[in-house]
Amino acid sequence: MKFLSFLACTLALAPVAFSAPPKTDANPYVGKSVFANKGYAAKLEETIKYFNEQGDSLNAARTRTIQRTPTFSWISASADVSNIKTLIKDATAAQGFGFLSKPQLVQIVVYNLPDRDCSAKASDGEFNLDNDGLNKYKAFIDSIAKELNTPAAKKLSFSLVLEPDSLGNVVTNLSVEKCAKAAPAYKEGIAYAIAKLQFPNVALYIDAANGGWLGWNDNLAPSANLFAEVLKLAQAIRPGAKVRGLATNVSNYNQFIAPVRENFTESEWNNSWDETHYVAELVPHLEAAGFPTHFIVDQSRSGRAGIRQEWGQWCNVRNAGFGTRPTTDQAVIQNAAVDALVWVKPGGESDGTSDESAARFDVVCRSPVAHVPAPEAGSWFNDYVVNLVKNANPPLAPTCAYLLEDSTVALLVVFKMKFLSLLACTLALAPVAFSAPSKTDANPYVGKTVFANKGYAAKLEETIQYFNKQKDFLNAARTRTIQRTPTFSWISASADVSSIKTLIKDATAAQGFGFLSKPQLVQIVVYNLPDRDCSAKASDGEFHLDNDGFNKYKAFIDSIAKELNAPAAKKLSFSLVLEPDSLGNLVTNLGVEKCAKAATAYKEGIAYAIAKLQFPNVALYIDAAHGGWLGWNDNLAPSANLFAEVLQLAQAIRPGAKVRGLATNVSNYNQFIAPVRENFTEWNNSWDETHYVTELVPHLEAAGFPAHFIIDQGRAGQAGIRQEWSQWCNVKNAGFGTRPTADQAVIQNAAVDALVWVKPGGESDGTSDESAARFDVVCKSPVAHVPAPEAGSWFNDYVVNLVKYANPPLAPTWF
């Protein structure tokens, strides 16, 4: 009966939760398995052989991972068109059939315009305008269209990138004679390709160069207008012709989200210093021109920053590494205009020869940063792919499972041999690939299952009940997902200390024991300094300096230390955030009498907590406010020095006392990686939390303080909901933000241990009742959700909106 009820629920909800978006605006990557090209995988066998000969079994196994990573297949000559048949055959086999089929998306680059690569020499193609090249190109496109119109092809999906580096040259290089001559053919040729490749299962992306090329202020509008012009030319050939959008950074090295702005990108005339900024800068010009604003972005060789001296160094750049893995996950992308991060350039295929005597030699291929010697463009360059594997960022996970691929072999002895080989591979790699980092610098979140607090989950039952009464079963199921999402437990009064026992009991049960145990990390906020919240009123606490508050606080800390020193606690791990909003007030608010009076107690109290909570399984993070508070240039060094001072005070109490680092954005709304810079953030380089981290790190290093961070994203899903930094109380239209993670593919900032949810979404920031003793005027600001209960009280109306406005949207959990 329960199964049938669950099935009925699932079927009833499926059209809402799982239906595809309208076809006219569907992301072609969503719901597809992107096909991994077997031809590219075969080339990588040479790299695997090299690593094995060097005794480097880890990087050999990492290269196996690349073999399974989807890349584009390049059709860059007439002879390549026949490869499409092979792609279709292989993708059809991978797709399978029936209930268990995995719909395949095949990725192809069309790259064969006449007088191709007009501003360089390295990739000159087979067609020339002086030899009827445009008509030959049209015949080439017709042959591709024929392959994509076969019955087998119609059962697959395709993503096509059209003509890298072509229209970019039309925008910026018409002073080059070859480009001026080729410009009409480039436009006409791409328009012809668009018109002829109009199939319902084919998504077309025109190449849009990269932010270092077309992202300059003077190039943005001309580029958008050119893309729109080409689309109109296609529609003149075939009315109603359309493209999905644009492809950027093809074969280039720009990071999608760069952790820091490199020196050579500094210019008031180019805000497109990484590809997400390029997308953001280009979108309004595309909208004005009437061109679709969807993108795919190549990250195949964008793993490393700091490998170039200028934008124009594009050829076989040394020390490049494979970049962010292909994905459509908005938790990684964080830019709604981007359909997917992809690998367009098959890593290991040369950009151009370094042989100065070669007909296609380009001087850029012998630049100071180029990998030399290098073969002709498109040729396999094994030395280069070796470095791409070694320098991959995030590092590649190894794949041993290839040893079991031949599932058609029925002989038991062969299976046993392969199993033993797989086991040997795994054991050989484990010490290198899977060992924990050294304890002195270990990220406490890595290798742990972060515990989901049952007390918070119980409160969310009210929200689920609300949604069910509204017959909003999808958001009820999404709230179930939040129940399973780890949040911090707040110990903000003496009465709360006993709840630590319950946390330890529940986490111990979740951890289990033996071979299948899942090591649990329990997250706690300690928030009870005397005269707490000195610059506001909403969260004033139980201890006051006028009533022996400092000694009471020490006793409070001692009681927490007692709980964390229990035998059961020692079998778990803990992450503790110490005293939100405290030290930030000492940097900026000593003009407030209450803060000036509390300053010494704040420093000594936190130092006491650090000294007393020194357990090997406890990671301590001091609260560091957020970028809109301490991220201003004048506040950075004083903040770092204050954190170091408090740590030194702790070490005076307990020599060798340490902290893991800092927690930022606690209970706040700043996004970790903001897709656009909001107007009220001007003049502050810490305009989102990743920039705050980057700005603060050098000051921490100078002060001798650990530069590790966790960042609260519990309510940071939505931008555009505030008018100024200081609006902190129950902000309307906030949504749950990026899910807790330690994955550097999402974080892309090595100083950050994890994105976390410190503030349990749904607990009020403060009351809107003006007659209340703890009323703060910010809780009735124009952007505050009113009415609101006392700080810490459950605020169901608010959590309802957090679920509805979650970004990325929450996946539903049906049972």
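## Helix α2

A helix's expected span is 1.5 Å times one less than its number of residues, and helices here are DSSP runs (H or I, at least four residues), with strands being E runs of at least two, both numbered from the N terminus. This is a predicted model, where local features need pLDDT of at least 70, side-chain atom pairs count only at pLDDT 80 or more, and totals for chains, interfaces and linings use all residues. Residues are numbered from 1 along each chain as its sequence is written, and side-chain values use heavy atoms, leaving out hydrogens and water.

So how does α2 (residues 38-53) do? Its 16 residues should span 22 Å, and the end C-alpha atoms sit 23 Å apart, which agrees. There's still a kink of about 25 degrees centred on Leu44 (the angle between axes fitted to the seven residues ending there and the seven starting there).

Leu44 is also buried, as are Tyr40, Ala41, Thr47, Ile48 and Phe51 (under 20% relative accessible area, 1.4 Å probe, protein chains only). Their cover includes α3 (57-67) and α12 (382-390). Just after α2, Gly55 takes a positive phi of about 70 degrees.

## Annotated active site

An unreviewed UniProt entry annotates Asp117 and Asp533 as "active site"; such annotations may be inferred rather than shown by experiment. They span 417 residues in sequence and their farthest two C-alpha atoms are 62.0 Å apart, so they don't all gather at one spot.

Asp117 is in the loop between β3 (104-110) and α5 (133-148), and is buried at 9% relative accessible area. Asp533 is in the loop between β11 (520-526) and α17 (549-564), and counts as buried at 9% relative accessibility.

Conventions. Buried < 20%, exposed > 50% of the residue type's maximum accessible area, 1.4 Å probe, protein only. Contact = heavy atoms within 4.5 Å.
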